[in-house]
Amino acid sequence: MGQGSSSASASSHPFPRVALHCLRVQEDSPAYNAGIQPFFDYLIGVELLHRRAGIEEEVYQEPVGLTLDPEQLTRVLDENEGKEIGLRIWNSKAQSIRYVTLTPSRVWHNPSTDRQQSTSLRPSLLGLSMRLCDPGEALGQVWHILEVLEGSPAESAGLVPYGDYVVGWTEGPLYSESEFYDLVEQHVDKPLRLYVYSADLE
């Protein structure tokens, strides 16, 4: 369940014009086990996998015509629950497309899943939170750390000037400087979890 394999393309690819940005990946979910990376990965296509009778090799269909409409993706996942499918993923860090396989399933343990079930909501088939976007614009929503003041919360958090980039927070990307400022103001004396990419450590 959810075990995935992946293969990267040999050459880099330009930005896809539209994609589903993977913002959060829930632990132990099919997407988590398939190695999908939050913030850096974008879903750009879905393929269905079928096996010929008596033949072990996998037959890959052409993409199902996914226009990356969230409702259409939901329908495809519902129709293929418990069946292995393929996802085409564009990675903004590697600037390349890779192919991963996983099995959409609602049977994976996660505390948030338990909360969903207790409120009569169906847990996610992939364990992904996504938004429709233009990846070229999304890459502009990254904040480069240039200075860390001594004794500041940023220093306590271990942020590294020039090497670190804020790529988002628990609710998603930060679209503007004013939004980032407002977010910090709202969390004065409160914990704030930011997602940070380290260029030094990759």
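Two strands pair if DSSP finds at least two bridges between them. Helices (H or I, at least four residues) and strands (E, at least two) are themselves DSSP runs, numbered from the N terminus. The model shown here is predicted, so local features need pLDDT of at least 70 and side-chain atom pairs count only at pLDDT 80 or more, while totals for chains, interfaces and linings use all residues. Residues are numbered from 1 along each chain as its sequence is written, and side-chain values use heavy atoms, with hydrogens and water left out.

**View 1. Strand β2 and its partner β7.** Let us start with β2, residues 19–25, and β7, residues 128–133. These two strands pair in the antiparallel sense over 6 bridges. Of the 7 residues of β2, 6 are buried (under 20% relative accessible area, with exposed meaning over 50% and partly exposed in between; 1.4 Å probe, protein chains only). Strand β2 is therefore largely enclosed by the rest of the structure.

**View 2. A sheet of three strands.** Here the strand order is β8-β9-β10, in an open sheet with antiparallel pairing. Strands β8 (143–144) and β10 (194–198) stand at the edges, each with a single partner strand, so one side of each is left without a neighbour in the sheet. Strand β9, residues 164–169, pairs with β10 over 5 bridges. A handy landmark is Val-166, which stands opposite Val-196 in β10.

**View 3. The largest nonpolar core.** A nonpolar core is a set of buried Ala, Val, Leu, Ile, Met, Phe, Trp, Tyr and Cys residues joined through side-chain atoms within 4.5 Å. The largest one has 20 residues, of which Ile-36, Ile-85, Leu-87, Leu-102 and Leu-128 touch the most other members. Two or more residues of this core come from each of β2, β3 (41–51), α2 (70–79), β5 (85–91) and β6 (96–102). Zoom in on Leu-87: beyond its neighbours within four places in sequence, this residue is in contact (heavy atoms within 4.5 Å) with Ile-36, Leu-43, Gly-45, Val-46, Arg-98, Tyr-99, Val-100 and Leu-102. A second, separate core has 7 residues, including Leu-159, Val-166, Leu-174 and Phe-180.

**View 4. Leu-128 in its surroundings.** Leu-128 sits in strand β7 and is buried, with a relative accessible area of 13%. Which residues touch Leu-128, leaving aside its neighbours within four places in sequence? They are Cys-22, Arg-24, Val-25, Ala-31 and Ile-36. Gln-26 is 102 residues away along the chain, yet the C-alpha atoms of Gln-26 and Leu-128 are separated by 6.5 Å.

**View 5. The largest pocket.** Elements that give two or more residues to the lining are β8, α5 (153–156), α6 (177–186) and β10, and α6 gives the most, with 4 residues. The lining divides into 17 nonpolar, 3 polar and 4 charged residues. In this count Ala, Val, Leu, Ile, Met, Phe, Trp, Tyr, Cys and Pro are nonpolar, Asp, Glu, Lys and Arg are charged, and the others, Gly among them, are polar.

View 6. Phe-39 and Phe-40 both belong to the loop between α1 (30–33) and β3. Phe-39 has a positive phi of about 75° although it is not a glycine, and counts as buried at 5% relative accessibility. Phe-40 is buried too, with a relative accessible area of 17%. Apart from its neighbours within four places in sequence, Phe-40 is in contact with Trp-90, Asn-91, Ser-92, Lys-93, Val-167 and Tyr-197.
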